[in-house]
Amino acid sequence: TFEKLLIANRGEIACRVIKTCKKMGIKTVAIHSDVDASAVHVKMADEAVCVGPAPTSKSYLNMDAIMEVIRKTRAQAVSLNASICCSCFIYRKQKSQSFFILSLQASEGVTFIGPDTHAIQAMGDKIESKLLAKNAKVNTIPGFDGVVKDADEAVRIAREIGYPVMIKASAGGGGKGMRIAWDDEETREGFRFSSQEAASSFGDDRLLIEKFIDNPRHIEIQILADKHGNALWLNERECSIQRRNQKVVEEAPSTFLDPETRRAMGEQAVALAKAVKYSSAGTVEFLVDSSKNFYFLEMNTRLQVEHPVTECITGLDLVQEMIRVAKGYPLRHKQADIPINGWAVECRVYAEDPYKSFGLPSIGKLSQYQEPLHVPSVRVDSGIQQGSDISIYYDPMISKLITYGSNRAEALKRMEEALDNYVIRGVAHNISLLREVIVHPRFVQGDISTKFLPEVYPEGFKGHKLTDLERRQLLATAVSLYMAEQLRSQRFLGTPRIPIAKSKRSSWELSVHLGDGIYPVAVSKDGSSFSVEVDGMKMNVTSEWNLASPLLSVSIDGTQRTIQRISRNASGETSIQFLGTVYKLQILTKVAAELSKYMPEKAAEDTSSILRSPMPGTVVAVSVKPGDMVSEGQEICVIEAMKMQNSMIAAKTGKVSHLRSLKTICNLSNRIELK
């Protein structure tokens, strides 16, 4: 094996590679930007070297700096994986994709953990990969196979193909540089944003256009090949739950594929791999229609974010297999040896607000962080810890949460439990969306497509909608927790604070404000249990009432729930995470509730004349200046966050009166005012 391996990446995938290297006895070298100096992957590695400032292009994609680290540390091998894919990495230096790896192999004598340069070049370019797929007799999507020169040509091509069309970056991946267009205007806008995102993320603004297959499934085949002509397909992954063309929930195997379709897709994936003499782990992605016709989408010449679900059902360590292949060993397995044992589900936990377009990025410091590793058959791949910062410079992923079971129902039940037990404080996160997806009847039945989220939530995600029983359970739990705290606060060193007080009370009348409703609640205490009357129905709530723990296991009439109390204040306001969603309640005594109607209310801010950024990011373009007249729906500026560009538009017609604080970095205080 190798003695020392340099990992040219960051975050959870860098940590993932380090874990396997430790198991194999390989020393590791981590690179990092200045803002990542205390990152988890830096602490885990045997050595760590700073390669530049925060922007990716000046650090993790700074090839000259990385080459210097290789010389300095005398690393024998280099691993590039996941979000920093090799094809993107190389394009920043010059058009020849083989430049960096050939420099490693020839000048430095360093081995690259991944496929050979010709395969990276062929498969990293969507245009060339599509032509190769056709020659290898792989099913492909109809479209234009050349490079689109400008917006006018994009419109002409789109009309020839027929709407809707998909505009996407030739060198891209991960949903970046990708837009769906349904008419000429959307094609022009899509061309502009896709080319800008592609140039920013990959250093290559070339685009291609192909027919958009409406309502498909996104199913991919994991392959593994060596330098001796052997290649295997390691079954499929279902990746159809997506937002903005980025995967959110993945599972293996797929509920949709039958053995014949699985074999046909696997054989075509292997045929493509052999056609480019591929060696290493890789993924061939397909779109599959309702009739199980499948079409080649792209090939990722790297280890995918969702690779753990394949590892769970096959028992293989894909990182270890990649290292073995890079060293020159033949594959240890035959196609007949590859099993499908059980079922695995992966949820991508992001620092983002799911209530805004299914997830706009959130930044901040993780003030509290606790992974649900105490839940059976749970795996968490992460690159952060309590105290870590989520910044605007990198992907907002917090972790990959994976659960495994003997069947799909068991894997999903464990995922539900794991999400309830995942503690994340300091940033917004998408736990509520993930939990709603995995318990939704359509998902449970396997009735999914890439349009699942917009179809299930046509007006956007609003959180869990409580049934009458769940509402009563939440109210009973909230008031029991409230009373447990009140009773604790009345005791000092085990003695009542006011010794002359009369006999202790055992029943209370409260009023709870939840959403648009106000609910009278009667509570009585019996030992460690509370009896709560809501809507004329009594419920018994039992718990250990460990008020110092971020997690609280509660039994409500025998139904077990895990809740999290997010916040509380002296005015009775409290936030509780219940069934994945955070609910805001106000709990008052009956007297306080009657007096509260006399309290003045703060008038809501009139924001109709203000354009405020919905997320932190970088202002890359401002389309107006003070004094300009703008119409409703007109673009005012473009914000880039986590490598995605978003157009900010005017909510009404008016004149631009001020551009305040529009500097490089924007946050929620930045705004444009109309009058």
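This is a predicted model: local features need pLDDT of at least 70, side-chain atom pairs count only at pLDDT 80 or more; totals for chains, interfaces and linings use all residues.
**View 1. The cis peptide bond between Y163 and P164.** The peptide bond that joins Y163 and P164 is cis, with omega at about 0 degrees. P164 belongs to the loop that connects helix α8 (151-161) with strand β7 (165-169).

**View 2. The cis peptide bond between A252 and P253.** Here A252 and P253 are linked by a cis peptide bond, for which omega is about -5 degrees. The loop that holds P253 runs between strand β12 (246-252) and helix α10 (259-275).

**View 3. The positive phi of K137.** K137 is not a glycine, yet its phi is positive, at about 65 degrees. The residue is placed in the loop between helix α7 (126-135) and strand β6 (143-144). Is K137 buried or exposed? Its relative accessibility is 69%, and because exposed means over 50%, K137 counts as exposed.

**View 4. The positive phi of S357.** S357, a residue other than glycine, has a positive phi near 55 degrees. Its position is in the loop between strands β16 (352-353) and β17 (360-361). The relative accessible area of S357 is 48%. Partly exposed residues fall between the limits of under 20% for buried and over 50% for exposed, so S357 is classed as partly exposed.

Terms used: Residues are numbered from 1 along each chain as its sequence is written. Side-chain values use heavy atoms; hydrogens and water are left out. Helices (H or I, at least four residues) and strands (E, at least two) are DSSP runs, numbered from the N terminus. Buried means under 20% relative accessible area, exposed over 50%, partly exposed in between (1.4 Å probe, protein chains only).
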